[in-house]
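Take a moment to look at the chain before reading on.

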Amino acid sequence: MSSPRDRGKSLMESSGSEPPVTPSRYESQKRRDWNTFGQYLKNQRPPVPMSHCSCNHVLDFLRYLDQFGKTKVHVFGCMFYGQPEPPAPCTCPLRQAWGSLDALIGRLRAAYEENGGSPETNPFASGAIRVYLREVRECQAKARGIPYKKKKKKKPTTETSGGRDDSSSPSSSSFNFS
């Protein structure tokens, strides 16, 4: 098998005088995440081939990643539970932030299909993964005292009453950003 250096060299030789395209930050992160997940599966006892990967392996991987988290998530009995900015340190665990896990699953879901997996068998697109992420989001929001509410999409306003100026009405001139 050729080394990454040799493959890069042959790509440059075959592409003529065009410089190699640098992958975007997203593409680089997606490749790193895919390789990390693949390594995680290889390290299982016994190793799990990607073709046998299920949503349970993905859930185990997400739980495994918690040990490297940087987000303080207060446990229910902690005196700072529900406080967004606690006044003192506590012994509650650090976890992966919900947003990081959500973005990770999005990248892995895309990488799975780019690497030959079918959308119908994508373990990263499983309903169990969505449920897990929703539970993490809600748990972290409660523990930090930050209510998480899904933003509702505004309905587009339409012109009514032929030419009447409604600019003085509160509903058309004010915006609700909460």
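Start with how helix packing is described. Axes are lines fitted to C-alpha atoms, for helices over the stretch in contact, and angles run from 0 to 180 degrees between N-to-C directions. Two packed helices are described by the angle between their axes and the distance between the axes. Helices (H or I, at least four residues) and strands (E, at least two) are DSSP runs, numbered from the N terminus.

The model is predicted: local features need pLDDT of at least 70, side-chain atom pairs count only at pLDDT 80 or more, and totals for chains, interfaces and linings use all residues. Residues are numbered from 1 along each chain as its sequence is written, and side-chain values use heavy atoms, with hydrogens and water left out.

Now the overall layout. The chain has 6 helices and 2 strands. From the N terminus on, they follow the order α-α-α-β-β-α-α-α. There are 178 residues in the chain, and 25% of them count as buried. Buried means under 20% relative accessible area, exposed means over 50%, and partly exposed lies in between (1.4 Å probe, protein chains only). Contact means heavy atoms within 4.5 Å. Among contacts with a separation of 6 or more, 58% link residues 24 or more positions apart.

Look next at helix α3, residues 55-65. How does α3 sit against α4? The two pack at an angle of about 140°, with axes 12 Å apart. That makes α3 oblique to α4. The labels have cut-offs: angles under 35 degrees count as roughly parallel, over 145 as roughly antiparallel, 65 to 115 as roughly perpendicular and the rest as oblique. The crossing of α3 past α4 is right-handed. A crossing is left-handed if the near helix is turned anticlockwise from the far one by less than a right angle, and right-handed if clockwise. From α3, Val58, Phe61, Leu62 and Leu65 meet Leu101, Leu104, Ile105 and Leu108 of α4. This contact of α3 with α4 has 8 nonpolar residues, no polar and no charged ones. Here Ala, Val, Leu, Ile, Met, Phe, Trp, Tyr, Cys and Pro count as nonpolar, Asp, Glu, Lys and Arg as charged, and the others, Gly among them, as polar.

Helix α5 (residues 127-144) also packs on α3, at about 25° and with the axes 9 Å apart. The pair α3 and α5 is therefore roughly parallel. The contact joins Cys55, Val58, Leu59, Leu62 and Arg63 of α3 to Ala128, Ile129 and Tyr132 of α5. By class, the contact of α3 with α5 holds 7 nonpolar, no polar and 1 charged residues.

What angle do α2 and α3 make? Their axes cross at roughly 105° and come within 11 Å. α2 and α3 are therefore roughly perpendicular to each other. Thr36, Phe37, Tyr40 and Leu41 of α2 touch His57, Val58, Asp60, Phe61 and Tyr64 of α3. The contact of α2 with α3 divides into 6 nonpolar, 2 polar and 1 charged residues.

Next comes the core. A nonpolar core is a set of buried Ala, Val, Leu, Ile, Met, Phe, Trp, Tyr and Cys residues joined through side-chain atoms within 4.5 Å. The largest one has 22 residues, and those with the most contacts inside it include Phe37, Val58 and Ile105. Helices α2 (25-42), α3, α4 (98-114) and α5 each supply at least two residues of this core. The largest share, 6 residues, comes from α4.

Zoom in on Val58, in helix α3. Is Val58 buried or exposed? At 0% relative accessibility, Val58 counts as buried. Beyond four places in sequence, Val58 contacts Phe37, Cys53, Ile105, Pro123, Phe124 and Ile129.

Asn122 is in the loop between α4 and α5. Asn122 is buried, with a relative accessible area of 5%. Leu94 lies in strand β2 (residues 94-95). Leu94 is partly exposed, at 45% relative accessible area. Pro46 sits in the loop between α2 and α3. A cis peptide bond joins Arg45 and Pro46, with omega about -5°.
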